[in-house]
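Here is a short report on one structure. Keep the sequence and the 3D view side by side as you read.

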Amino acid sequence: MSRAIVAVAFVVALIALYPYVSNISTASSLKGSYVFKWSEIPIEKRGTLYEESLKTVTKFNNAVKVLLEIAGIFVVILTVIEYYKYYKIHKEEVE
Amino acid sequence: MMLKRFSWHQRLAHFVGSVSGMMLLITGLPIMFPEHLGWVFGIFGGSTVTMFLHRVFAVILIFSFAYFGTYFVLERIVRGRGDSNIKNFGLSAEFISEVVAGAVRDILWTLGLRRERPKFGKYDWIMVSDIYLLPVLAFIEIITGTIMWFPRSFDFVTSNPGLFFVVRTIHAGVAFFLLLFVLAHAGILHLTPGNFPINMSIFSGKISRRKAEVEHEKWVEVAEEVEGEEKKSSSKLCYVFGAITIVNLIALAYVPFAMRNEWLAGLRVSGDGIVTFALGLGVVTLIVYVIASVIAFVKGIKS
(Lines give C-alpha, C1' and ligand atoms only; values in the text may rest on other atoms or scores of the structure.)
Protein backbone atom coordinates (compact mmCIF):
# COMPACT_ATOMS: atom_id res chain seq x y z
CA MET A 1 0.00 0.00 0.00
CA SER A 2 2.89 2.30 0.84
CA ARG A 3 4.27 2.00 -2.70
CA ALA A 4 0.85 2.73 -4.18
CA ILE A 5 0.59 5.94 -2.10
CA VAL A 6 4.08 7.00 -3.24
CA ALA A 7 3.17 6.29 -6.87
CA VAL A 8 -0.10 8.27 -6.75
CA ALA A 9 1.60 11.19 -4.95
CA PHE A 10 4.41 11.17 -7.50
CA VAL A 11 2.00 11.26 -10.46
CA VAL A 12 0.03 14.14 -8.87
CA ALA A 13 3.30 16.05 -8.32
CA LEU A 14 4.41 15.51 -11.93
CA ILE A 15 1.07 16.74 -13.26
CA ALA A 16 1.28 19.81 -11.00
CA LEU A 17 4.82 20.52 -12.19
CA TYR A 18 4.28 20.08 -15.90
CA PRO A 19 3.21 23.66 -16.78
CA TYR A 20 6.12 25.13 -14.81
CA VAL A 21 8.88 22.88 -16.13
CA SER A 22 7.71 23.15 -19.73
CA ASN A 23 7.72 26.95 -19.47
CA ILE A 24 10.70 27.53 -17.21
CA SER A 25 12.68 29.27 -19.93
CA THR A 26 9.96 30.50 -22.31
CA ALA A 27 7.85 32.30 -19.74
CA SER A 28 10.61 33.72 -17.60
CA SER A 29 11.72 37.31 -17.48
CA LEU A 30 15.05 36.05 -18.82
CA LYS A 31 13.43 35.98 -22.25
CA GLY A 32 12.35 39.59 -22.13
CA SER A 33 8.80 40.93 -22.34
CA TYR A 34 6.42 38.74 -20.38
CA VAL A 35 4.46 41.19 -18.28
CA PHE A 36 1.25 42.38 -19.85
CA LYS A 37 1.66 46.04 -20.78
CA TRP A 38 -0.67 49.02 -20.54
CA SER A 39 0.03 49.74 -24.21
CA GLU A 40 -1.76 46.49 -25.07
CA ILE A 41 -5.02 47.87 -23.62
CA PRO A 42 -7.20 49.87 -26.07
CA ILE A 43 -6.56 53.56 -25.54
CA GLU A 44 -10.22 54.38 -24.80
CA LYS A 45 -10.25 51.96 -21.80
CA ARG A 46 -6.75 52.64 -20.52
CA GLY A 47 -7.44 55.74 -18.40
CA THR A 48 -10.43 54.27 -16.55
CA LEU A 49 -8.69 50.95 -15.94
CA TYR A 50 -5.56 52.69 -14.69
CA GLU A 51 -7.56 54.74 -12.19
CA GLU A 52 -9.50 51.70 -11.01
CA SER A 53 -6.42 49.58 -10.55
CA LEU A 54 -4.64 52.42 -8.77
CA LYS A 55 -7.46 52.48 -6.20
CA THR A 56 -7.39 48.68 -5.79
CA VAL A 57 -3.59 48.54 -5.48
CA THR A 58 -3.60 51.35 -2.91
CA LYS A 59 -6.21 49.49 -0.81
CA PHE A 60 -4.20 46.26 -0.94
CA ASN A 61 -0.90 48.04 -0.19
CA ASN A 62 -2.45 49.65 2.89
CA ALA A 63 -4.06 46.39 4.04
CA VAL A 64 -0.84 44.39 3.62
CA LYS A 65 1.14 47.09 5.47
CA VAL A 66 -1.26 47.04 8.44
CA LEU A 67 -1.31 43.21 8.52
CA LEU A 68 2.50 43.11 8.51
CA GLU A 69 2.70 45.69 11.31
CA ILE A 70 0.35 43.59 13.46
CA ALA A 71 2.04 40.30 12.48
CA GLY A 72 5.50 41.66 13.32
CA ILE A 73 4.50 42.66 16.85
CA PHE A 74 2.63 39.36 17.34
CA VAL A 75 5.62 37.27 16.20
CA VAL A 76 8.03 39.12 18.52
CA ILE A 77 5.75 38.67 21.57
CA LEU A 78 5.10 34.99 20.77
CA THR A 79 8.80 34.26 20.24
CA VAL A 80 9.77 35.84 23.57
CA ILE A 81 7.05 33.88 25.40
CA GLU A 82 7.93 30.60 23.67
CA TYR A 83 11.65 31.07 24.27
CA TYR A 84 10.97 31.58 27.95
CA LYS A 85 8.70 28.52 27.94
CA TYR A 86 11.52 26.30 26.63
CA TYR A 87 13.81 27.81 29.25
CA LYS A 88 11.32 26.72 31.94
CA ILE A 89 10.86 23.28 30.36
CA HIS A 90 14.62 22.77 30.17
CA LYS A 91 14.94 23.70 33.84
CA GLU A 92 12.33 21.02 34.65
CA GLU A 93 14.16 18.46 32.48
CA VAL A 94 17.48 19.14 34.18
CA GLU A 95 15.94 18.96 37.65
CA MET B 1 16.14 5.42 25.31
CA MET B 2 14.83 6.96 22.09
CA LEU B 3 11.34 7.18 20.58
CA LYS B 4 10.36 7.37 16.91
CA ARG B 5 9.13 10.93 16.48
CA PHE B 6 8.93 11.49 12.70
CA SER B 7 8.60 9.21 9.67
CA TRP B 8 11.04 9.31 6.77
CA HIS B 9 8.47 11.18 4.65
CA GLN B 10 7.92 13.80 7.35
CA ARG B 11 11.67 14.39 7.64
CA LEU B 12 12.08 14.61 3.89
CA ALA B 13 9.08 16.96 3.55
CA HIS B 14 10.52 19.26 6.23
CA PHE B 15 13.95 19.25 4.61
CA VAL B 16 12.86 19.84 0.99
CA GLY B 17 10.14 22.33 1.95
CA SER B 18 12.32 24.33 4.33
CA VAL B 19 15.44 24.48 2.13
CA SER B 20 13.48 25.41 -1.02
CA GLY B 21 11.37 27.89 0.98
CA MET B 22 14.41 29.56 2.54
CA MET B 23 16.16 29.71 -0.85
CA LEU B 24 13.03 31.34 -2.30
CA LEU B 25 13.19 33.97 0.44
CA ILE B 26 16.93 34.53 -0.11
CA THR B 27 16.50 34.94 -3.88
CA GLY B 28 13.14 36.77 -3.71
CA LEU B 29 13.46 39.33 -0.90
CA PRO B 30 16.12 41.39 -2.77
CA ILE B 31 13.43 42.23 -5.35
CA MET B 32 11.23 43.75 -2.66
CA PHE B 33 14.18 45.44 -0.92
CA PRO B 34 16.78 46.10 -3.67
CA GLU B 35 18.33 49.03 -1.81
CA HIS B 36 19.02 46.92 1.30
CA LEU B 37 19.59 43.45 -0.13
CA GLY B 38 21.14 44.23 -3.51
CA TRP B 39 24.31 42.41 -2.40
CA VAL B 40 22.43 39.09 -2.61
CA PHE B 41 22.32 39.42 -6.42
CA GLY B 42 26.12 39.66 -6.35
CA ILE B 43 26.43 36.35 -4.46
CA PHE B 44 24.51 34.48 -7.16
CA GLY B 45 26.16 36.25 -10.11
CA GLY B 46 23.62 38.94 -10.92
CA SER B 47 19.87 39.54 -10.92
CA THR B 48 19.17 37.38 -13.99
CA VAL B 49 20.72 34.26 -12.46
CA THR B 50 19.07 35.02 -9.09
CA MET B 51 15.64 35.22 -10.72
CA PHE B 52 16.28 32.00 -12.62
CA LEU B 53 17.23 30.31 -9.32
CA HIS B 54 14.06 31.72 -7.75
CA ARG B 55 12.04 29.86 -10.38
CA VAL B 56 14.06 26.66 -9.95
CA PHE B 57 13.41 26.65 -6.18
CA ALA B 58 9.76 27.49 -6.87
CA VAL B 59 9.52 24.32 -8.98
CA ILE B 60 11.08 22.30 -6.12
CA LEU B 61 8.62 23.82 -3.62
CA ILE B 62 5.64 23.11 -5.89
CA PHE B 63 6.81 19.51 -6.32
CA SER B 64 7.22 19.12 -2.57
CA PHE B 65 3.82 20.73 -1.91
CA ALA B 66 1.99 18.50 -4.40
CA TYR B 67 3.90 15.28 -3.60
CA PHE B 68 3.95 15.45 0.20
CA GLY B 69 0.48 17.02 0.39
CA THR B 70 -1.00 14.11 -1.59
CA TYR B 71 1.12 11.56 0.30
CA PHE B 72 0.11 12.73 3.78
CA VAL B 73 -3.60 13.00 2.91
CA LEU B 74 -3.64 9.50 1.35
CA GLU B 75 -1.58 8.06 4.20
CA ARG B 76 -4.03 9.47 6.73
CA ILE B 77 -7.03 8.04 4.82
CA VAL B 78 -5.46 4.59 4.39
CA ARG B 79 -3.62 4.14 7.70
CA GLY B 80 -5.50 6.40 10.07
CA ARG B 81 -3.89 8.90 12.40
CA GLY B 82 -1.46 6.49 14.10
CA ASP B 83 0.24 8.17 17.06
CA SER B 84 -0.77 11.69 15.98
CA ASN B 85 -3.17 13.72 18.14
CA ILE B 86 -4.54 15.64 15.13
CA LYS B 87 -8.11 14.35 14.78
CA ASN B 88 -10.32 14.59 11.66
CA PHE B 89 -7.58 16.36 9.68
CA GLY B 90 -7.68 19.08 12.34
CA LEU B 91 -10.98 20.36 10.98
CA SER B 92 -13.38 19.45 13.79
CA ALA B 93 -14.62 22.07 16.23
CA GLU B 94 -13.63 19.74 19.09
CA PHE B 95 -10.00 19.59 17.96
CA ILE B 96 -9.76 23.33 17.26
CA SER B 97 -11.13 24.18 20.70
CA GLU B 98 -8.69 21.67 22.24
CA VAL B 99 -5.78 23.44 20.48
CA VAL B 100 -6.96 26.91 21.53
CA ALA B 101 -7.46 25.80 25.14
CA GLY B 102 -4.00 24.18 25.11
CA ALA B 103 -2.46 27.42 23.82
CA VAL B 104 -4.12 29.56 26.50
CA ARG B 105 -3.17 27.15 29.33
CA ASP B 106 0.39 26.81 28.02
CA ILE B 107 0.91 30.58 27.83
CA LEU B 108 -0.59 31.02 31.31
CA TRP B 109 1.83 28.39 32.66
CA THR B 110 4.75 30.10 30.93
CA LEU B 111 3.80 33.42 32.48
CA GLY B 112 3.53 31.82 35.92
CA LEU B 113 -0.27 32.24 36.06
CA ARG B 114 -0.99 28.51 36.16
CA ARG B 115 0.67 25.82 38.27
CA GLU B 116 0.69 22.81 35.98
CA ARG B 117 1.74 22.78 32.37
CA PRO B 118 -0.97 21.25 30.17
CA LYS B 119 -0.18 17.78 28.83
CA PHE B 120 0.25 17.54 25.09
CA GLY B 121 0.10 14.72 22.57
CA LYS B 122 2.53 14.32 19.68
CA TYR B 123 1.99 17.89 18.48
CA ASP B 124 1.46 20.79 20.87
CA TRP B 125 -0.57 23.87 19.88
CA ILE B 126 2.34 25.74 18.31
CA MET B 127 3.33 22.71 16.20
CA VAL B 128 -0.30 22.28 15.05
CA SER B 129 -0.33 25.99 14.09
CA ASP B 130 2.91 25.49 12.12
CA ILE B 131 1.56 22.38 10.38
CA TYR B 132 -1.54 24.25 9.15
CA LEU B 133 -0.25 27.80 8.67
CA LEU B 134 2.80 26.96 6.59
CA PRO B 135 1.04 25.04 3.79
CA VAL B 136 -1.60 27.80 3.59
CA LEU B 137 1.08 30.48 3.21
CA ALA B 138 3.02 28.32 0.74
CA PHE B 139 -0.17 27.84 -1.28
CA ILE B 140 -0.77 31.63 -1.42
CA GLU B 141 2.83 32.08 -2.61
CA ILE B 142 2.47 29.35 -5.24
CA ILE B 143 -0.78 30.83 -6.62
CA THR B 144 0.44 34.46 -6.64
CA GLY B 145 3.86 33.38 -7.95
CA THR B 146 2.19 31.42 -10.76
CA ILE B 147 0.11 34.45 -11.76
CA MET B 148 3.26 36.60 -11.90
CA TRP B 149 5.14 33.90 -13.80
CA PHE B 150 2.40 33.43 -16.43
CA PRO B 151 0.43 36.70 -16.34
CA ARG B 152 -0.82 36.25 -19.89
CA SER B 153 -2.62 33.06 -18.87
CA PHE B 154 -4.89 34.92 -16.46
CA ASP B 155 -7.78 36.92 -17.92
CA PHE B 156 -8.08 39.29 -14.98
CA VAL B 157 -4.47 40.44 -15.54
CA THR B 158 -4.72 40.76 -19.32
CA SER B 159 -7.92 42.78 -19.00
CA ASN B 160 -6.44 45.03 -16.31
CA PRO B 161 -2.60 45.02 -15.99
CA GLY B 162 -2.87 47.02 -12.76
CA LEU B 163 -4.10 43.92 -10.93
CA PHE B 164 -0.71 42.32 -11.53
CA PHE B 165 0.64 44.70 -8.89
CA VAL B 166 -2.01 43.65 -6.36
CA VAL B 167 -0.81 40.07 -6.78
CA ARG B 168 2.79 41.21 -6.39
CA THR B 169 2.01 43.06 -3.15
CA ILE B 170 0.34 39.95 -1.68
CA HIS B 171 3.28 37.74 -2.81
CA ALA B 172 5.85 40.11 -1.29
CA GLY B 173 3.85 40.66 1.91
CA VAL B 174 3.47 36.94 2.59
CA ALA B 175 7.18 36.45 1.81
CA PHE B 176 8.11 39.06 4.39
CA PHE B 177 5.86 37.36 6.96
CA LEU B 178 7.50 34.02 6.09
CA LEU B 179 10.89 35.54 6.93
CA LEU B 180 9.55 36.41 10.39
CA PHE B 181 7.99 32.94 10.63
CA VAL B 182 11.22 31.07 9.80
CA LEU B 183 13.31 33.11 12.25
CA ALA B 184 10.72 32.68 15.02
CA HIS B 185 10.30 28.96 14.30
CA ALA B 186 14.04 28.30 14.39
CA GLY B 187 14.53 30.57 17.40
CA ILE B 188 11.89 28.66 19.38
CA LEU B 189 12.60 25.09 18.28
CA HIS B 190 16.37 25.08 17.69
CA LEU B 191 18.02 27.92 19.61
CA THR B 192 16.32 27.31 22.96
CA PRO B 193 17.99 25.70 26.00
CA GLY B 194 17.99 21.91 25.59
CA ASN B 195 17.68 22.15 21.79
CA PHE B 196 20.65 24.36 20.84
CA PRO B 197 22.46 24.34 18.42
CA ILE B 198 19.94 22.22 16.51
CA ASN B 199 16.96 20.12 17.48
CA MET B 200 17.82 16.92 15.62
CA SER B 201 14.45 15.18 16.01
CA ILE B 202 13.09 16.49 12.68
CA PHE B 203 16.33 15.37 10.94
CA SER B 204 16.96 12.00 12.66
CA GLY B 205 13.30 11.20 13.34
CA LYS B 206 14.10 10.36 16.98
CA ILE B 207 13.61 12.04 20.35
CA SER B 208 14.84 10.96 23.76
CA ARG B 209 12.20 9.45 26.04
CA ARG B 210 13.28 11.82 28.83
CA LYS B 211 12.64 14.90 26.65
CA ALA B 212 9.39 13.50 25.26
CA GLU B 213 8.08 12.80 28.77
CA VAL B 214 8.35 16.51 29.59
CA GLU B 215 7.28 17.99 26.25
CA HIS B 216 4.79 15.43 24.83
CA GLU B 217 3.61 13.51 27.87
CA LYS B 218 0.40 12.12 26.37
CA TRP B 219 2.23 10.84 23.28
CA VAL B 220 4.93 8.80 25.09
CA GLU B 221 2.58 5.90 25.90
CA VAL B 222 1.72 5.34 22.21
CA ALA B 223 5.18 6.12 20.78
CA GLU B 224 7.38 3.43 19.25
CA GLU B 225 10.76 2.76 20.88
CA VAL B 226 13.81 2.79 18.61
CA GLU B 227 17.55 2.41 18.98
CA GLY B 228 19.73 5.44 19.34
CA GLU B 229 21.80 7.49 21.67
CA GLU B 230 20.68 10.65 23.39
CA LYS B 231 22.93 13.68 23.03
CA LYS B 232 22.47 16.27 25.74
CA SER B 233 22.93 19.94 24.97
CA SER B 234 23.85 22.34 27.73
CA SER B 235 25.69 25.17 25.96
CA LYS B 236 25.02 28.63 27.34
CA LEU B 237 25.61 30.01 23.84
CA CYS B 238 21.91 29.37 23.16
CA TYR B 239 21.11 32.57 25.07
CA VAL B 240 23.42 34.61 22.83
CA PHE B 241 21.87 33.23 19.64
CA GLY B 242 18.38 33.45 21.13
CA ALA B 243 18.98 37.13 21.93
CA ILE B 244 20.32 37.79 18.41
CA THR B 245 17.17 36.22 16.93
CA ILE B 246 14.87 38.29 19.13
CA VAL B 247 16.77 41.51 18.32
CA ASN B 248 16.53 40.60 14.62
CA LEU B 249 12.78 39.99 14.94
CA ILE B 250 12.24 43.31 16.74
CA ALA B 251 14.17 45.13 14.00
CA LEU B 252 12.18 43.25 11.32
CA ALA B 253 8.91 44.13 13.08
CA TYR B 254 9.92 47.78 12.59
CA VAL B 255 10.26 47.35 8.79
CA PRO B 256 6.49 47.48 7.96
CA PHE B 257 6.26 50.77 9.89
CA ALA B 258 8.96 52.19 7.59
CA MET B 259 7.13 51.01 4.44
CA ARG B 260 5.54 53.59 2.17
CA ASN B 261 2.61 52.99 -0.13
CA GLU B 262 3.94 53.80 -3.59
CA TRP B 263 0.84 52.83 -5.56
CA LEU B 264 1.69 50.52 -8.45
CA ALA B 265 5.29 50.21 -7.25
CA GLY B 266 3.96 48.51 -4.12
CA LEU B 267 5.30 48.91 -0.60
CA ARG B 268 8.74 50.51 -0.64
CA VAL B 269 11.27 51.24 2.07
CA SER B 270 13.95 53.87 1.69
CA GLY B 271 17.50 53.64 3.02
CA ASP B 272 17.27 53.20 6.77
CA GLY B 273 19.92 51.81 9.11
CA ILE B 274 17.54 49.62 11.11
CA VAL B 275 15.90 48.21 7.97
CA THR B 276 19.26 47.44 6.39
CA PHE B 277 20.45 45.74 9.58
CA ALA B 278 17.21 43.77 10.04
CA LEU B 279 16.99 42.49 6.47
CA GLY B 280 20.72 41.86 6.12
CA LEU B 281 20.90 39.85 9.35
CA GLY B 282 17.69 38.02 8.43
CA VAL B 283 19.03 36.90 5.05
CA VAL B 284 22.46 35.96 6.45
CA THR B 285 20.66 33.87 9.09
CA LEU B 286 18.65 32.15 6.35
CA ILE B 287 21.87 31.29 4.49
CA VAL B 288 23.30 29.79 7.71
CA TYR B 289 20.06 27.84 8.25
CA VAL B 290 20.17 26.39 4.73
CA ILE B 291 23.74 25.16 5.28
CA ALA B 292 22.86 23.85 8.78
CA SER B 293 19.77 22.04 7.40
CA VAL B 294 21.83 20.22 4.76
CA ILE B 295 24.47 19.15 7.34
CA ALA B 296 21.80 18.07 9.86
CA PHE B 297 19.85 16.13 7.21
CA VAL B 298 22.97 14.19 6.17
CA LYS B 299 23.80 13.53 9.85
CA GLY B 300 20.20 12.46 10.43
CA ILE B 301 20.38 9.88 7.63
CA LYS B 302 23.57 8.43 9.12
CA SER B 303 22.20 8.23 12.69
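A:M1 is exposed because its relative accessibility is 66%. Exposed means over 50% relative accessible area, buried means under 20%, and partly exposed lies in between (1.4 Å probe, protein chains only). A:M1 sits in the segment before α1 (2–22) of chain A. Helices are DSSP runs of H or I with at least four residues, strands are runs of E with at least two, and both are numbered from the N terminus.

The model is predicted: local features need pLDDT of at least 70, side-chain atom pairs count only at pLDDT 80 or more, and totals for chains, interfaces and linings use all residues. Residues are numbered from 1 along each chain as its sequence is written, chains are lettered from A and ligands numbered from 1 in the order in which they are written, and side-chain values use heavy atoms, without hydrogens and water.

Two elements of chain B, α3 (47–79) and α5 (125–149), each give two or more residues to the patch. The largest share, 3 residues, comes from α3(B).

**Chain A overall**

Chain A has 2 helices and 0 strands. Of its 95 residues, 36% are buried. The chain exposes about 5,900 Å², and carbon and sulfur atoms supply 68% of that area. Accessible areas come from the Shrake-Rupley method with a 1.4 Å probe; for residues, only the protein chains shown count as cover.

**Salt bridges**

How many salt bridges does the structure hold over all chains? There are 16. A salt bridge is a side-chain nitrogen of Lys or Arg within 4 Å of a carboxyl oxygen of Asp or Glu.

| Pair | Closest N and O atoms |
|---|---|
| A:K85 and B:D124 | 4.0 Å |
| B:R117 and B:D106 | 3.0 Å |
| B:R209 and B:E213 | 3.2 Å |

A:K85 forms a salt bridge with B:D124. This pair crosses between chains, from helix α2 (residues 43–94) of chain A to the loop between α4 (93–110) and α5 of chain B. A:K85 is buried, at 0% relative accessible area. B:D124 is buried too, at 2%.

B:R117 forms a salt bridge with B:D106. B:R117 lies in the loop between α4 and α5 of chain B and B:D106 in helix α4, so the pair ties together parts 11 residues apart in sequence. B:R117 is buried at 13% relative accessibility, and B:D106 is buried at 0%. A network of salt bridges links A:E82, A:K85, B:D106, B:R117 and B:D124.

B:R209 and B:E213 both lie in helix α9 (residues 209–215) of chain B, 4 residues apart, about one turn of the helix. B:R209 is partly exposed at 27%. B:E213 is partly exposed at 38%.

B:L37 lies in helix α2 (residues 34–44) of chain B. B:L37 is buried, with 0% relative accessible area. B:L37 and B:T276 are 239 residues apart along the chain, yet their C-alpha atoms are separated by 7.6 Å.

B:N199 is in the loop between α7 (163–189) and α8 (201–204) of chain B. B:N199 counts as buried because its relative accessibility is 14%. B:N199 and B:R5 are 194 residues apart in sequence and 12 Å apart in space, C-alpha to C-alpha.
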